[in-house]
Amino acid sequence: ENGHRLAIGTNFSLPNSNFTKVIDVAIRPHQITIVASLHLTQVQSVDSFVKKCIDLQQYAGNKLSIKVVSVLTNENFELLKKTRAQLTKFHIIMDFQRLKLDKEFCTYSDEVEQYYKDSNFTTKRKTKCNPDNLVGLNPYGYICSAGFRFISIRPNGDIMKCFDRHKTLYKLGNINYGERNIFKSPLPCFGSKCICRLPVLNGLIDFNHRDVKCANKIEHLFGE
């Protein structure tokens, strides 16, 4: 009712009836996004996964946007290419993540590399930082809107500043108990690494402003 958008992260192991309950409360177009991870080793079949996506999209209409994400390899290239073509017919976006082994991103064959660059949705987003280059980046002290206009809600109801749930400072309350302590303005990042591409892709991190002293002070006053 306040106009916020909700993004649900899932592997689609739950039946669609679980998602329709949430979709039914949406009152604005594209108010809900489902980010579905396609893990080829975890699905009954790729066809059944695709059918769930299409069925849910058709049920929800313009209330819902579905984005499918899968790790691309040289071996699964043809299968994922076919899957993406199937989903595109129903206006469902399929994005790829580059395979990473031992903290290093893998290289692909020339054909797969070109396909990854040409078709990958995230590479076409306007961003100051290539998401692949986030590995090794220390965002500590950079002013970030996570906790201000972005929060992560865990399955147990905990409200987190972002996806790093290992620090007490990141917990902002719990929706089951009516606890909400959302920031009143963007604050410096308290993490030594950014574990998700969403903050960068959505322009949450201001790479032109860094205040390490402020981050240290906040941690000293409120952290554990």
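Predicted model: local features only at pLDDT ≥ 70, side-chain atom pairs only at ≥ 80, totals over all residues.
Once residues up to four places away in sequence are set aside, Ile34 touches Ile8, Thr10, Phe12, Phe19, Leu56, Leu64, Ser65, Ile66 and Lys67. As a general background, nonpolar side chains tend to be buried together in soluble globular proteins.

## Aromatic pairs and charges over rings

The count of aromatic pairs comes to seven. One of them joins Phe12 and Phe19 in an edge-to-face arrangement, with 5.2 Å from centre to centre and 85° between the planes. Both residues are buried, Phe12 with a relative accessible area of 4% and Phe19 with one of 5%, where anything under 20% counts as buried. Together with Phe49, Phe12 and Phe19 form one aromatic cluster.

Another edge-to-face pair is that of Phe77 and Tyr115, whose centres are 5.2 Å apart and whose planes stand at 75°. Because Phe77 lies in helix α3 and Tyr115 in helix α4, this pair ties together parts that are 38 residues apart in sequence. Phe77 and Tyr115 are both buried. Charged side chains also sit over rings: Arg98 lies over the face of Tyr116, at 4.6 Å from the ring centre, while the charged end of Lys161 is over the ring of Tyr170, 5.1 Å from its centre.

## Asn76 in a loop

Asn76 belongs to the loop between β3 and α3. Its relative accessibility is 10%, so Asn76 counts as buried, the limit for that term being under 20%. The side chain of Asn76 reaches the backbone nitrogen of Thr73 at 2.9 Å, and, leaving aside neighbours within four places in sequence, Asn76 is in contact with Leu40 and Val71.

## A three-stranded sheet

Three strands, in the order β8-β9-β10, make up an open sheet with antiparallel pairing. The edges are taken by β8 (152-153) and β10 (171-174), each of which has a single partner strand, so that one side of each is left without a neighbour in the sheet. Strand β9 (residues 158-160) pairs with β10 in the antiparallel sense over three bridges, and Asp158 stands opposite Asn174 in β10.

Technical notes: Residues numbered from 1 in each chain as written. Heavy atoms only, no water. Contact = heavy atoms within 4.5 Å. Helix = DSSP H or I, 4+ residues; strand = E, 2+ residues; numbered from the N terminus. Buried < 20%, exposed > 50% of the residue type's maximum accessible area, 1.4 Å probe, protein only. Polar contact = N/O pair within 3.5 Å; in protein donor to acceptor, adjacent residues only side chain to side chain. Pairing = 2+ DSSP bridges. Phe/Tyr/Trp six-rings, centres within 6.5 Å; stacked < 30°, edge-to-face > 60°. Lys NZ or Arg CZ within 6 Å of the ring centre and 35° of its normal.
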